[in-house]
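Please keep the model open while you read.

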Amino acid sequence: PPPPPPPPFYGGPPPLFGVPPPPPTFGGFRAPAPALPHGMQSKKVYKPEVSMKRINWSKIEPQEITENCFWVKVKEEKFENPDLFAKLALFFGTQAKAKKAVEAAEERKPVSQKKKVKELKILDSKTAQNLSIFLGSYRMPYEEIKHIILEVDEAKMSESLIQNLVKNIPEQKELNALAQLKSEYEDLCEPEQFGVVMSSLKMLRPRLNGILFKLTFEEHVGNIKPDIMAVTLACEELRKSENFNRLIELILLVGNYMNSGSRNAQSLGFNLSFLCKIRDTKSSDQKTTLLHFLAEICEEKYRDILKFPDELAHVESASKVSAQNLKGSLDAMEHQINRLEGDIKNFPKTDDPHDKFVAKMSSFAKIAREQYEKLSNMHNNMKKLYENLGEYFTFDTNAISIEDFFGDISSFRTLFLEAVKENNKRKEMEEKVKRAKLAKEKAERERLERQQKKKQLIDMNKEGDETGVMDSLLEALQSGAAFRDRRKRTPRNHDNKGVPLERSRSRHNRNIVAV
């Protein structure tokens, strides 16, 4: 037989570059994990009940972490939530994991004993798999789930829990069949065991639908009410805005003037959808538009009209409201309330003190009905205001939807504000160019003035020099100063060049005297 392997750290190959070999897994001891830097703790180990898709990220190693880096301060465990893990399992789980209880039982059995596979008796494989994923995600005892539903315990239930139950719970026919297998409970697989427990709840699906409607009711109200308010306020603002009305009058005047002689001349009014097309009319030089022109006129002469965008604060939010979707949401709410009221009325009597469905849902149904009636009245008032607006501005409210009408008004409001800004920017540029031109002209004038003064000064110097020389010469001749101290001045020239110069002067002087 071959010799036994050498014991760890003795007789084995020497460590490379001074790094000890990894700790042994058999015989000997396992070295403790290295301490993490900067007081960091090891991250929690999670064991999902289903296999998950992998995230291919680059892991940061401990030696890369500095004391002040983000990862030292991370406390991701604050986001731990059963609902989050349940949704992760539903959306990113790859396959159902083997049943935990069965695994534990099988691990305790001898290796030679074969694992007993529990076959499905009522449910189909797809329904069973979906239920397995759901049960593995929430990891709650079946009886606890049952009591949460029975007591309508909102402190323990969540919207996602009820949604998943509604989605995955077997049909009533299957639940009734599973109820007959109560005596065979231990021989059933987990999804069917769960079905047996839930089958004892009367009217399970109507019960779940009612609870889910209760949990989501405030959200529905929060989605419907702001839309109704936005359209209502936009209708009132548009009707009451004097400055917007004045602008429409100005546009009508300008349009009739420009259309003079055409078939559109002398129009009594125009469809407000035209407002967004005003910008398409270009000036003759193609440098501006009719919209910019109107904005400039308002800024110069009718400054109050410029305030109309502030008076139409809700037209933008109203432009995002779909009347069809709004009506559909209200109709769906009414349908759910009617269904809940019918389920409560037809709910079988029970002696179970824990079954609080009828008591809690009856009070909720009353509140929901009152809320719906208020929303319905608000919606009817909104429609009436829009119809009145159609009469006021003369357009067909059946042909032009709320979304389209306020979309045009909102777009025109935005375009008008942009035109005002662009006009101001153009004026600033024109002022800048004008100031630059004036500065250039001023600099040119100053340059010409300096040149003129310089020329005049030169001319004056020339004239002054000639006059001064002749005057000095005549004065010297008359006074005789030109002939005095000749001997005294001559020695000043110590070089030979001074003698001819003095001699020539003497000759010049003699000639003058002779004259």
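## Helix H4 and its partners

In this predicted model, helix H4 and helix H6 (residues 159-168) pack at an angle of about 165 degrees, and their axes lie 10 Å apart. H4 and H6 are therefore roughly antiparallel to each other, and their crossing is left-handed. On the H4 side, the residues that meet H6 are Thr127, Asn130, Leu131, Phe134 and Tyr138. Their counterparts in H6 are Ser160, Leu161, Asn164, Leu165 and Asn168. By class, this contact of H4 with H6 splits into 5 nonpolar and 5 polar residues, with no charged ones.

H4 (residues 125-138) also packs with helix H8 (residues 190-198), at about 80 degrees and with 8 Å between the axes. That angle makes H4 roughly perpendicular to H8. H4 brings Ala128, Leu131, Ser132, Phe134 and Leu135 to the contact, while H8 brings Glu190, Pro191 and Phe194. Here the count is 6 nonpolar, 1 polar and 1 charged residues.

The two pairs can be set side by side:

| Helix pair | Angle | Distance between axes |
|---|---|---|
| H4 and H6 | about 165 degrees | 10 Å |
| H4 and H8 | about 80 degrees | 8 Å |

## Around alanine 419

Now find alanine 419, which sits in helix H16 (residues 402-479). Is alanine 419 buried or exposed? Its relative accessibility is 1%, so alanine 419 counts as buried. Setting aside neighbours within four places in sequence, alanine 419 is in contact with Leu291, His292 and Ala295. Alanine 419 and histidine 292 are 127 residues apart in sequence, yet their C-alpha atoms are 5.2 Å apart in space.

Technical notes
Residues are numbered from 1 along each chain as its sequence is written. This is a predicted model: local features need pLDDT of at least 70, side-chain atom pairs count only at pLDDT 80 or more; totals for chains, interfaces and linings use all residues. Side-chain values use heavy atoms; hydrogens and water are left out. Axes are lines fitted to C-alpha atoms, for helices over the stretch in contact, and angles run from 0 to 180 degrees between N-to-C directions. Helices (H or I, at least four residues) and strands (E, at least two) are DSSP runs, numbered from the N terminus. Angles under 35 degrees count as roughly parallel, over 145 as roughly antiparallel, 65 to 115 as roughly perpendicular and the rest as oblique. Contact means heavy atoms within 4.5 Å. Ala, Val, Leu, Ile, Met, Phe, Trp, Tyr, Cys and Pro count as nonpolar, Asp, Glu, Lys and Arg as charged, and the others, Gly among them, as polar. Buried means under 20% relative accessible area, exposed over 50%, partly exposed in between (1.4 Å probe, protein chains only). A crossing is left-handed if the near helix is turned anticlockwise from the far one by less than a right angle, and right-handed if clockwise.
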